[in-house]
Amino acid sequence: MNEMETKTQVEDSIIQESLLTCIDLANSDHQSESFLFQACLDSGFFYVINHGISEEVMDKAFEQSKNFFALPLEEKMKVLKNEKHRGYTPFYDQIPDPENQVQGDHKEGYYIGSEVPRDDPQWDYPFYGPNPWPDPDVLPGWRETMEKYHQEALRVCKAIAKLLALALDMDADYFDSPEMLGKPISTLRLLHYEGKSDPSKGIYGTGAHSDYGMMTLIATDGVLGLQICKDRNAKPQKWEYVPSIEGALVVNLGDMMQCWSNGLFRSTMHRVILNDQNRYSIPFFLEPNHDCIIECLPTCQSESNLPKYPAIKCSTYITQRYEEVHANFRSYQKHA
Ligand code: OGA
Ligand code: NI
């Protein structure tokens with residue numbers, strides 16, 4: 001194959017937009033269940049509408065996110081990510097796909113985790129610890145805005161969890177139960193992307209990765225950037241944009257859902273490509289309780305379909321994946 005053909009193929013492979021299913025959360029009839037099932041088999045990416053998060057709550061979250069990122073670096077560094085993975089993460093500090101990235105992700109972020117009450121015996125567990133917050137004199141109402149969005153996003157994810165359980169032939173409350181989602185490790189992440197990506201040079205907004213949890217609910221400011229690759233082994237890989245749809249949120253399943261469903265439901269690889277425009281997004285990552293064991297569901301295995309993934313404790317899996325991303329970054333720094 002000559003160079004020209006390769007280039008055309010690469011270009012062709014990234015301009016298409018993905019046609020994803022739209023699930024109406026206000027209308028849980030059997031038809032939407034079967035659409036959801038199909039979407040989970042196909043890519044694990046879909047839209048949800050009628051999610052009940054008001055425009056006001058959504059707009060405020062984006063406005064306050066922009067207010068935070070507009071602060072001087074010095075102010076942002078006062079809430080630098082702590083050992084419990086909460087707080088500010090500067091540009092380039094993650095490198096999820098070191099084989100293809102020559103720099104860290106062109107994004108800065110802010111992690112807001114779940115908090116359990118101080119009198120809970122697990123309150124200081126690694127993923128439950130209290131959040132740092134920007135100074136309320138600098139950003140009045142910021143914490144309240146983010147706590148409200150966090151709460152709303154969790155509500156939406158729990159509604160989706162019910163549909164996913166039904167789609168997997170389990171009781172509707174299988175995931176949305178005290179043992180699984182009573183004290184979920186749910187993380188709101190504010191993101192601000194900047195710059196221009198160039199995959200041929202290894203420069204990305206976010207390098208290719210799959211999300212590791214149960215599901216992710218993504219709100220964006222409408223700037224195109226998110227891409228998915230349904231078949232990571234295809235050569236060349238085919239990347240499709242996931243455009244934003246007014247009023248809809250994007251949902252993608254993570255690795256834990258792939259494990260529960262024995263690979264039936266997909267945790268699809270995705271990345272963010274930037275075109276010199278600022279881009280803001282707010283993903284909300286849902287993982288179950290700290291001690292929850294993630295293992296193949298009884299409805300997803302048989303004698304001829306044995307569990308493909310080892311059972312693992314939720315917090316152990318998250319710790320492993322966090323360490324990978326940061327180890328990638330450390331080894332990248334060493335070689336740079
Ligand atoms: C992520 C992610 C997509 C986006 O943070 O894991 O894939 O649109 N984000 O910001
Ligand atoms: Ni992701």
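Reader: Why is N262 called buried?
Author: In this predicted model, N262 has a relative accessible area of 3%. Buried means under 20%, so N262 is called buried with its value of 3%. The residue sits in the loop between α7 (255–260) and β11, and N262 has a positive phi of about 60° although it is not a glycine.

Reader: What makes Y92 partly exposed?
Author: The relative accessible area of Y92 is 40%. Partly exposed covers the range between the limits of 20% for buried and 50% for exposed, and therefore Y92 with 40% is partly exposed. Y92 belongs to the loop between β3 (87–89) and β4. Y92 also has a positive phi, of about 70°, without being a glycine.

Reader: Which residues coordinate the nickel ion (ligand 2), and how do you know that they are donors?
Author: The nickel ion is coordinated by H209 through NE2, D211 through OD and H270 through NE2, at 2.1 Å. Donors are N, O and S atoms within 2.8 Å of the metal, so the atoms at 2.1 Å qualify. Along the sequence, the donor residues are spaced H-x1-D-x58-H.

Reader: Is D211 buried or exposed?
Author: D211 is buried, because its relative accessible area is 6% and the limit is under 20%.

Reader: Which side chains have polar atoms in contact with an oxygen atom of ligand 1, and what makes these polar contacts?
Author: A side-chain N or O atom of D211 lies 3.2 Å from an oxygen atom of ligand 1, and for H270 the value is 3.0 Å. A polar side-chain atom of S281 is 2.6 Å from an oxygen atom of ligand 1. A polar contact requires N or O atoms within 3.5 Å, so the pairs of D211, H270 and S281 count. The protein covers 96% of the 290 Å² of accessible area that ligand 1 has on its own.

Reader: What makes up the shell around ligand 1?
Author: Its residues divide into seven nonpolar, three polar and two charged. Among the surrounding residues are L191, Y193, R279, S281 and F285. β5 (184–193), β11 (269–272) and β12 (279–289) each supply at least two residues of the shell, and the largest share, four residues, comes from β12.

Reader: How do you know that β5 pairs with β4 and with β12?
Author: Two strands pair if at least two bridges are found between them. Six bridges join β4 (residues 107–112) to β5 and eight join β5 to β12, so both pairs meet the criterion. Both pairings are antiparallel. L191 in β5 is the bridge partner of G109, and in β12 the bridge partner of L191 is S281. As for cover, ten of the ten residues of β5 are buried.

Reader: Why are β6 (206–209) and β9 (240–241) said to stand at the edges?
Author: Four strands form an open antiparallel sheet in the order β6-β11-β8-β9. β6 and β9 each have a single partner strand, so one side of each is left without a neighbour in the sheet. β8 (residues 226–229) and β9 pair over two bridges, with I228 opposite E240 in β9. In the loop between β8 and β9 lies P236, which is joined to K235 by a cis peptide bond with omega about -5°.

How values were computed:
Residues are numbered from 1 along each chain as its sequence is written. Chains are lettered from A and ligands numbered from 1 in the order in which they are written. This is a predicted model: local features need pLDDT of at least 70, side-chain atom pairs count only at pLDDT 80 or more; totals for chains, interfaces and linings use all residues. Side-chain values use heavy atoms; hydrogens and water are left out. A residue is near a molecule or strand if one of its heavy atoms lies within 4 Å of it. A polar contact is a pair of N or O atoms within 3.5 Å; within protein, one must be able to donate a hydrogen and the other to accept it, and residues adjacent in sequence count only if both atoms are side-chain atoms. Accessible areas come from the Shrake-Rupley method with a 1.4 Å probe; for residues, only the protein chains shown count as cover. Ala, Val, Leu, Ile, Met, Phe, Trp, Tyr, Cys and Pro count as nonpolar, Asp, Glu, Lys and Arg as charged, and the others, Gly among them, as polar. Buried means under 20% relative accessible area, exposed over 50%, partly exposed in between (1.4 Å probe, protein chains only). Donors are N, O and S atoms within 2.8 Å of the metal (3.2 Å for Na, K and Ca); water is not among the atoms, so sites may look incomplete.
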